[in-house]
6 protein chains.
Amino acid sequence: MKAKILAFGEVMMRLEAPNYRTVAQTRSLDFAFSGTSVNVLSGLSHLGYQTELMTTLPENNLGYAAASYIRSLGVGTDAVSFDGDYIGMYVLEKGFGHRGSEVTYSNRSESAFCQSLETNYSIEHLRTGTHIHFCGISLAINKQIREVTLRIAEEAKAQGLTVSFDCNFRPKLWKGGYKEARPVYERMLLVADYVSMTEKDAVSILGMQTTAVQRQEQVDALLPKVAQRYSISAIAGTIRETNASASTLQGFLVQDGRVDFSTVHTVAILDRIGSGDGFFSGFLAAIFEGKSSSDIVEWATAAGVLAHTTYGDSPVTTRRAIEKLQLNQHIDVER
Amino acid sequence: MKAKILAFGEVMMRLEAPNYRTVAQTRSLDFAFSGTSVNVLSGLSHLGYQTELMTTLPENNLGYAAASYIRSLGVGTDAVSFDGDYIGMYVLEKGFGHRGSEVTYSNRSESAFCQSLETNYSIEHLRTGTHIHFCGISLAINKQIREVTLRIAEEAKAQGLTVSFDCNFRPKLWKGGYKEARPVYERMLLVADYVSMTEKDAVSILGMQTTAVQRQEQVDALLPKVAQRYSISAIAGTIRETNASASTLQGFLVQDGRVDFSTVHTVAILDRIGSGDGFFSGFLAAIFEGKSSSDIVEWATAAGVLAHTTYGDSPVTTRRAIEKLQLNQHIDVER
Amino acid sequence: MKAKILAFGEVMMRLEAPNYRTVAQTRSLDFAFSGTSVNVLSGLSHLGYQTELMTTLPENNLGYAAASYIRSLGVGTDAVSFDGDYIGMYVLEKGFGHRGSEVTYSNRSESAFCQSLETNYSIEHLRTGTHIHFCGISLAINKQIREVTLRIAEEAKAQGLTVSFDCNFRPKLWKGGYKEARPVYERMLLVADYVSMTEKDAVSILGMQTTAVQRQEQVDALLPKVAQRYSISAIAGTIRETNASASTLQGFLVQDGRVDFSTVHTVAILDRIGSGDGFFSGFLAAIFEGKSSSDIVEWATAAGVLAHTTYGDSPVTTRRAIEKLQLNQHIDVER
Amino acid sequence: MKAKILAFGEVMMRLEAPNYRTVAQTRSLDFAFSGTSVNVLSGLSHLGYQTELMTTLPENNLGYAAASYIRSLGVGTDAVSFDGDYIGMYVLEKGFGHRGSEVTYSNRSESAFCQSLETNYSIEHLRTGTHIHFCGISLAINKQIREVTLRIAEEAKAQGLTVSFDCNFRPKLWKGGYKEARPVYERMLLVADYVSMTEKDAVSILGMQTTAVQRQEQVDALLPKVAQRYSISAIAGTIRETNASASTLQGFLVQDGRVDFSTVHTVAILDRIGSGDGFFSGFLAAIFEGKSSSDIVEWATAAGVLAHTTYGDSPVTTRRAIEKLQLNQHIDVER
Amino acid sequence: MKAKILAFGEVMMRLEAPNYRTVAQTRSLDFAFSGTSVNVLSGLSHLGYQTELMTTLPENNLGYAAASYIRSLGVGTDAVSFDGDYIGMYVLEKGFGHRGSEVTYSNRSESAFCQSLETNYSIEHLRTGTHIHFCGISLAINKQIREVTLRIAEEAKAQGLTVSFDCNFRPKLWKGGYKEARPVYERMLLVADYVSMTEKDAVSILGMQTTAVQRQEQVDALLPKVAQRYSISAIAGTIRETNASASTLQGFLVQDGRVDFSTVHTVAILDRIGSGDGFFSGFLAAIFEGKSSSDIVEWATAAGVLAHTTYGDSPVTTRRAIEKLQLNQHIDVER
Amino acid sequence: MKAKILAFGEVMMRLEAPNYRTVAQTRSLDFAFSGTSVNVLSGLSHLGYQTELMTTLPENNLGYAAASYIRSLGVGTDAVSFDGDYIGMYVLEKGFGHRGSEVTYSNRSESAFCQSLETNYSIEHLRTGTHIHFCGISLAINKQIREVTLRIAEEAKAQGLTVSFDCNFRPKLWKGGYKEARPVYERMLLVADYVSMTEKDAVSILGMQTTAVQRQEQVDALLPKVAQRYSISAIAGTIRETNASASTLQGFLVQDGRVDFSTVHTVAILDRIGSGDGFFSGFLAAIFEGKSSSDIVEWATAAGVLAHTTYGDSPVTTRRAIEKLQLNQHIDVER
């Protein structure tokens, strides 16, 4: 039987002005429900894994609609707690060319998830899984959720689940800055087996230093040390470069004291948000399936590239699409 | 020169599942920006008045989009304060037949308006107007806004503006119930010249009593006393009856110690929300234009009927449409 | 071989605010191309007739799109002349309940059709048909088109085609009023075999008088005289009554000196415009097929009733739908 | 722990022309995935039950999209077999007023479900449930599916599950007519505990006779006998009457040798298809919860009435909505 | 008088997830009706030719909607046979960047066209044309249609029409592979005057060999031999190259024993499907108009390039657009 | 207090086929209201200026909808005259890649603006402004509007406002060609302080000559002379180059006898129309704020680049977006 994968984190309602318009230029918004935890599980679900989301949704029509949407992604909602009144929302105005995308949040701090307590979550659900994923945003929201997150992670670890963690540092949410964040992150890193992180996180959050200039060299210099210091099995991340004419994406994998870099992909961008979660769900699947380090990094990067080409935050990439991309077989029309 | 009409109150973003679907049955939402104050001014603007809204909108793309929308209704935004982070939102799932409409709110208490201070509003703007409108919801939100609302009303009165007030009691927002509300309402009623109110408000909020059973008789028994007690020039309201096959609407006007009732209209309902604001904007216009009491109540009721037949919360009824309805000239197609 | 039916008249672009909104409340408009001549031919095409439209469309992308649309209705465009620069347009804001529909025209007088000359139309096309339809609007636009219309009608008659004429009096277009219109109408009525007309037209346009009060009695009193005076084979029309709760439709047929009335139908109205053309296309089909007078009037009225229930100006009612309505077999879902 | 409810049957893709248009009048179609089995489970899921669908979907993007949609309704897809190439489709052109709805099918006989074998279904899944639902359409499609359906029903019964059956006779699918159907239906009725059926089914399928004329009397005369003959615990059904101005719905329940009729409801119809499944899911829930016979029939009928007022084939009615309808509390807007 | 051009082949309903979404990510699908035969005729119609489609459509609302759509493209439907029950459908999920498009078919083998017989087609229609087009897909579907196709082609040839043939090999439809296909293709090639084919077809279907490596050299080596062997007047085809940053298109023409290559165009791709039909309709028009070989290949390639930039399968490119592209005058906005 | 900026010119209704379709390929059109004057004011409004439009709109629902739309852009409509019957319209079919956009006009010459008289405009409105903008199209329409335009410009100048003028030569509107246009343009240039113009205008309209070949050299050679001859404070314009793979944009500024060129930007094009107005509104804002010549040209060009990336004709670019582009900080997502 396949491993059941859990994730803990907030679900938000994404409202989006269609066709590259601004909100003032439209009278309707497309919407979806997403979040790092949903996204990673959606990615794994579309790769064939059974998944289950631990979160709190409001006990109203928006909460029920969110659960319906999450199930449509193939993610289980049996571990969802319905409690509280609000769901966090954000409005996306997608950019075009030199015009960047803009995101406007509604009040998230009062959301059902951000107000949830440890009693909203049942440890029973941990028993059904072999792995659980967490995200740095859960550590940033407020002290209550931070503590709930860390305790669930530690409990999961104690019960024998492997743990993954996406560093995902959101400066606006940490009033105390990196100084406040570092001990919290360190506590989580000590629990985590698989981590999404870049060399920039090592410098800013963990306070590490390097004289290397090029990003690949910085990865080499810093991240194996991070893995060793916090007993992390594998760290993965991406390096993206954007210039006027194109974007490129290169993945890296830190495992067993060494770094593997993927081939560099040129990426066409349909929907930028959630592409990191696509990368990480590909990474986790490759890890779970015991692939070689070079296969892991290529597979994860292919998943990340494809996440840029699919609508919405939540990855829906199939195993076959990843394999075709790796074989460079992305023919025009499959029929 | 025509009178410039002001209103003070919150603007909310209305998100609506299209075609009588639920949120879980759709992937896009129509939206608009509305609120009692916007609606009354929109109604007056479409009847030819210059209007100006006093409110606070968040200083972000949603706030700017709201201002853009309000201007499109013909309502001025020079008196809008841009401050704070959030706009109140609600999601409407329109009912059909025996299935009632359902409304789900996002967190409104942290909205830019609900967090606004007296310093967000400039008394200078009062000088540009001859009349200002308020709504009971502003009194309910929190003590800060309640005080701001009352002070602006009293200041406006002191400066010689006439004041109107829509009782609009929202039980969920008054934690202390009618007991908490009564003194607040009484303070506002003492300021108000024109009031939207029903016999039910007189009983529940003001604690008045009558042995009359029929609604029209209760209006007769109670509302002239209210007008006298609080020195209100005119009180207006509607009586709506709904049965399986149809809804009817009848307006009433309390003025000079007597009550006038309008003809009873059968109403076809396209969009229920905001129809009371349509009635009241028709009432105010008729008052401003010095119509006779029977003309006032007929004109206001016609405006209310038509507000049921137009899309959206904010009335867009024209003078000509009201006149045609009164002449029973609603021909199929005007061409 | 089935009769080929022609019609002469203007094609307009109908732009429509969706979902009962006003233009100011939307950012997109649905559109179609229609006109009395297109509508009557569309109705006949859906009843199985070969049809051909004589008109002038602008020689640009809007004209080509109009021709594409007309063909999609099953109406031939081989007799369309592409010349001139503009197409007439109108914007429809559909009403709801007591709020009437409103139509705003763009400048029609400069349209390709309204500027067209007799040289735009080839008499060769008349040879392919057995019947041709005209509309009173073509007589109203300007003197040039009026003369073109009358000459084509007279030429068609001379060539042995039967001729139908829809009186369709548009007061705004006749600067000289009924006085200017009467001789023009009389010239056309003398050519016409089948006419769409009501007792009101007989009074206003033809100046006839009656002491009868009820509409059915007026029809009886006036229209057989009209048929006799102008040697018209058959006159057909409808009587519609609208009150607060419902609309009814009753057809009548004047033939051989007597009047037949149809059963009275209650009509649900989805789209009012073009329902008269639906009636008349049903009438013509029944005439062409040699039905009895009572069958003609019932068939035509059923076609008219169904035209109220279909989207758009142009009827798309099938023979089977008419027959089902006559048998009262409009079951919920046919599957 | 709540009962887990299973259902066995086909899932179809419903494509629908929007806004009462015909297919020829639009360039886009709304779609959903439905079927009697999905609908009954969706109804039960929205009333709080755990549900699981047994069906076969094609192993392609349409099959995966169907599963995603079904999960969004709260129905489990762990028992879905992905096999075969096609999904049955139908196109709905919704009627309006006197114009009936029309349904056009694509080829269903080659669908993954219609071609599925007993080996596509695992008896293991039966062990997870307490009840299973079947539909008469599964008996009609072809002999292979008919036999699969009956065997699963009999196996479920043998394992201790209760069984429900919706007679749902589709004349077009039974080439051998009622004669072919009767023994098949009888075999199923002997297994079934709860049956959806009307007096018409008793006459046409089972060949019973009565001299009663009125429908309620026919129900009284025939259905208790059916229940007794086939050892059915409860039979439920509805009587709908439609005239020009309104439709009414009345439910009935046959239990313990007697018949209960519900109050008669006037129904406003937004979406007719699937309303019978709404009724039956309400009936099953009431049965499962041990309600009294009069409560069962009222509850089921309220669920059926509300299913007419909700978009789509699949009921999404909540417990609270049913209770509000029963209390006649369908207020305009709930906020 | 201009030549009337016929084509024989299947019409399918194309359903398409909008905005680069997957089916699971949307609730509506755009649709159109297309097919190689429709597409080639649509291309020719927009270049000014009279066209007529020979096909069989189902005798239901989908078949009628298909005919309506085809007429809207300017293609005649007098030679369409309405018979049978189903229309072939496919669902397109358009790719983006490295994500390829995916096509899911519904059951095509039972479609009205695939089940049609020689008796569905009247030889009378051949008399009205000067040229007729066929497609390799018609040869692949089943033996019955294969024979019908070949007989109509041979009959047309016998009656003096010129014949064109698009090789269009679909491996999934040929159970017997190239071995089964070769004699069938050879029979058709012996009839055909104008053929769409590449060097790959010569190798795989006809079993020819070459030592040349580069594609242009292979064309040179193989296709003049094919033209000679089967007495084909002209063969045309395209060479497309795709890399990460762009696609290029180059056309070739084999005529009078020699090969002409067009300039190489960089192509922006809006809609890939049907672009080959755009190329071939441009080729046929150039042939019909007696252009020089270099003009033919440039004109055809320009038509193919523009077909990539237009929505839908069916080309709608105008003569002026082709001429502007050849002059490199594709200015931003024409006004 | 900020300067109030006026503009005089026509407002047109832009109807647009969505998703790169042609009109014949769609059944709905998106729309907006725009025009050079609206666009320049919209650009300035979004940069923080108070603006007021002087124009004439028809006194009907389209005119009111246009005013509503214009206000939504932040542009004042107090100086709008409602008179006449029609609004100019154009239909845009957006191109893709090598397929150019196409624009089809409705009859503009009879529009409310084109038929307006000097009496439609009140000089009082000039008193409220410090600057007024005009466009070459107003000079081209007809002699009446030409004279009105020139007189308002001269009157504004006399009252101390600065004047800007966009040369914007539309060949189709000038029946007398450059010869007719030159004296009219010269009269306007003598009034204008700030002018949008290129070296091509200097050659064609003003008849100037240069032996320079490169466009930048021609600008250098000609435009300082133009500035001197007509006493223009500053002339600004852009040089755009388009090849198969990309477009570039470079701005220039002629001031104090010298020319500044901006950096060359690669532009991604979402909506081409109105990008020149985006450039010019950025130019005017920079002028009003007294920026240095190199800052003016960079700021204006950045505004022009961003106008290519925003939906619609009317610029909605914010100050912050311009600054971010100049710092090359167009990050993927701002959150």
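**Chatting about helices and chains**

Reader: Okay, how do H4(C) and H5(C) lie relative to each other?
Author: H4(C) and H5(C) are roughly parallel to each other. Bear in mind that this is a predicted model.

Reader: Why do they count as roughly parallel?
Author: Their axes cross at roughly 20°, and angles under 35 degrees count as roughly parallel, so H4(C) and H5(C) get that label. H4 covers residues 143-158 of chain C and H5 covers residues 177-191, with the axes coming within 10 Å.

Reader: And which hand does the crossing of H4(C) and H5(C) have?
Author: That crossing is left-handed.

Reader: Which residues make the contact?
Author: H4(C) brings Arg146(C), Leu150(C), Ala153(C), Glu154(C) and Lys157(C). From H5(C) you get Val184(C), Arg187(C), Met188(C) and Val191(C). Sorted by class, the contact has five nonpolar residues, four charged and no polar.

Reader: Switching to chain E, at what angle do H1 and H9 cross?
Author: Roughly 50°, with their axes coming within 8 Å. H1 is residues 36-46 of chain E, and H9 is residues 275-288. That angle makes H1(E) oblique to H9(E). The crossing there is right-handed.

Reader: Who meets whom in H1(E) and H9(E)?
Author: On the H1(E) side it's Thr36(E), Asn39(E), Val40(E), Gly43(E) and Leu44(E). They meet Asp277(E), Gly278(E), Phe280(E), Ser281(E), Gly282(E), Leu284(E) and Ala285(E) in H9(E). By class, the residues of this contact split into five nonpolar, six polar and one charged.

Reader: What about whole chains? How many residues do chain C and chain D put into their contact?
Author: Chain C gives 20 residues and chain D gives 17. On the chain C side, the elements giving two or more residues are strand E14 (265-267), helix H9 (293-308), helix H10 (319-326) and strand E15 (333-334). The residues on that side divide into eleven nonpolar, six polar and three charged.

Reader: How does chain C get laid on chain D?
Author: With a turn of 120° and a shift of 0.0 Å along the axis, giving an RMSD of 0.0 Å. That is the relation of a three-fold axis. In chain C, the C-alpha nearest the axis belongs to Asn19(C), 5.0 Å from it.

Reader: Last one: what scores does the predictor give the complex?
Author: An ipTM of 0.94 and a pTM of 0.95. Chain A averages a pLDDT of 94, and 96% of its residues score at least 70. Where pLDDT is low, the predicted coordinates should not be read in detail.

Terms used
Residues are numbered from 1 along each chain as its sequence is written. Chains are lettered from A and ligands numbered from 1 in the order in which they are written. This is a predicted model: local features need pLDDT of at least 70, side-chain atom pairs count only at pLDDT 80 or more; totals for chains, interfaces and linings use all residues. Axes are lines fitted to C-alpha atoms, for helices over the stretch in contact, and angles run from 0 to 180 degrees between N-to-C directions. Helices (H or I, at least four residues) and strands (E, at least two) are DSSP runs, numbered from the N terminus. Angles under 35 degrees count as roughly parallel, over 145 as roughly antiparallel, 65 to 115 as roughly perpendicular and the rest as oblique. A crossing is left-handed if the near helix is turned anticlockwise from the far one by less than a right angle, and right-handed if clockwise. Two residues are in contact if their C-beta atoms, placed from the backbone, lie within 7 Å. Ala, Val, Leu, Ile, Met, Phe, Trp, Tyr, Cys and Pro count as nonpolar, Asp, Glu, Lys and Arg as charged, and the others, Gly among them, as polar. Copies are superposed by least squares on the C-alpha atoms of residues with pLDDT of at least 70 in both. pLDDT is the predictor's confidence in each residue, from 0 to 100.
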